[in-house]
Amino acid sequence: MSAPTADRPSTGVFSPNRAQIPARTLRTDRWWQSPLIVDLGFAAFVIYATVRAFLQNNYYVPEYHYLTPFYSPCVSTGCIPEASHFGQFLPDVWWLPYAAVSLPFLLLFRLTCYYYRGAYYRSVWQSPPACAVAEPHAKYTGETRFPLVIQNTHRYFFYIAGIISVINTYDAIVAFHSPSGFGFGLGNIILIVNVILLWTYTVSCHSCRHVVGGRLKHFSKHPVRYWLWTQVSRLNTRHKLYAWITLGTLMLTDFYIMLVASGTISDLRFIG
């Protein structure tokens, strides 16, 4: 076997100890569809969420206390006072989202999520884009160097995401309000469904599974933690599904509240 050269690196799919196949892949099926769909899904959410986070309008319906999750908690001095459940202490500048204390952590929680890692590694970085398809990178170092070493902080973002889910739950409860007292409308259904799914995605996380049942040598000695681990494990099998569903419900919830807040539509009320 010939020694590695500058043109033939010692690591990666093009190294001399790998089969020398000129074609990137011998697959004849539409292997590129899956990474393409993932790319389009991510792009749709990132573009929508970024635009909405910086618009700084139509995020709150004062009559029914509807607050979009993209602006919760609303802690900027530019926030509508009724929407600021936890005070106002951030400056009102165009480049700082009203919910700047939560959005970065939620972004990092999803960015370091085990499922999302695998999804964007394949679709965005093409490492690799599909099974039996060579990646374009000549060297692989895994998650041992900056910036990918930051992926190991996922467990800490999980704790913060749990706190933010509590805040979203509070927002959904406060929204059972109308000018005459207790109220219930289509917006309440959307907010409640969204927060339930957010909790489902959060507790189905691999870090949550480790928190409730990790480092146990004998499950029989810890029946409560074993039961919790079993329930989280069942949810964990569908973590990918919840990851995508919650991206959709977040956009749907925000879009509905935006339409109601702007006066484009009226909230469908059942009570109050």
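Read along the sequence, the protein chain of this predicted model follows the pattern α-β-β-α-α-α-β-α-α-α-α-β, which amounts to eight helices and four strands. Taken along the principal axes, the C-alpha atoms of the chain fill a box of roughly 80 × 50 × 40 Å.

Two packed helices are described by the angle between their axes and the distance between the axes. For helix 4 and helix 5, the packing angle is about 165° and the axes lie 10 Å apart. Because angles over 145 degrees count as roughly antiparallel, helix 4 and helix 5 are therefore roughly antiparallel to each other, and their crossing is left-handed. On the side of helix 4, the contact is made by Phe158, Gly162, Ser165, Val166, Asn168, Thr169 and Ala172, while helix 5 contributes Leu191, Ile192, Val195, Leu198, Trp199 and Thr202. When the residues of this contact between helix 4 and helix 5 are divided by class, eight are nonpolar and five are polar, with no charged residue among them.

Rolling a probe the size of a water molecule over the atoms shows where empty space is left. The structure holds one cavity of 30 Å³ or more, and about 50 Å³ of space lies in the largest cavity. The elements that give two or more residues to the lining of this cavity are helix 4 (154–174) and helix 5 (186–203). The lining as a whole consists of Leu67, Pro69, Asn168, Asp171, Ala172, Leu191, Asn194 and Val195, and by class it comprises five nonpolar residues, two polar residues and one charged residue. Asn168, Ala172, Leu191 and Val195 belong both to this lining and to the contact of helix 4 with helix 5.

The largest pocket, in turn, contains about 800 Å³ of space. Its lining is made up of 30 residues, of which Phe45, Ala49, Leu106, Leu107 and Arg110 lie nearest the centre of the pocket. Two or more residues of this lining come from each of helix 1 (33–55), helix 2 (103–111), helix 3 (114–123), helix 4, helix 5 and helix 8 (239–261). Divided by class, the lining of the largest pocket has 25 nonpolar residues, four polar residues and one charged residue. Helix 4 and helix 5, which pack against each other in a roughly antiparallel manner, thus each give two or more residues to the lining of the largest cavity as well as to that of the largest pocket.

Notes:
Residues numbered from 1 in each chain as written. Predicted model: local features only at pLDDT ≥ 70, side-chain atom pairs only at ≥ 80, totals over all residues. Heavy atoms only, no water. 1 Å grid on protein atoms, 1.4 Å probe; cavity = no way out; pocket = protein on both sides within 12 Å on 5 of 7 lines; lining within 4 Å. Points joined across faces, edges and corners; volume = space filled by probe spheres on them. Nonpolar A, V, L, I, M, F, W, Y, C, P; charged D, E, K, R; others polar. Axes fitted to C-alpha atoms, helices over the stretch in contact; angles between N-to-C directions. Parallel < 35°, antiparallel > 145°, perpendicular 65-115°, else oblique. Left-handed = near helix turned anticlockwise from the far one by under 90°. Contact = heavy atoms within 4.5 Å.
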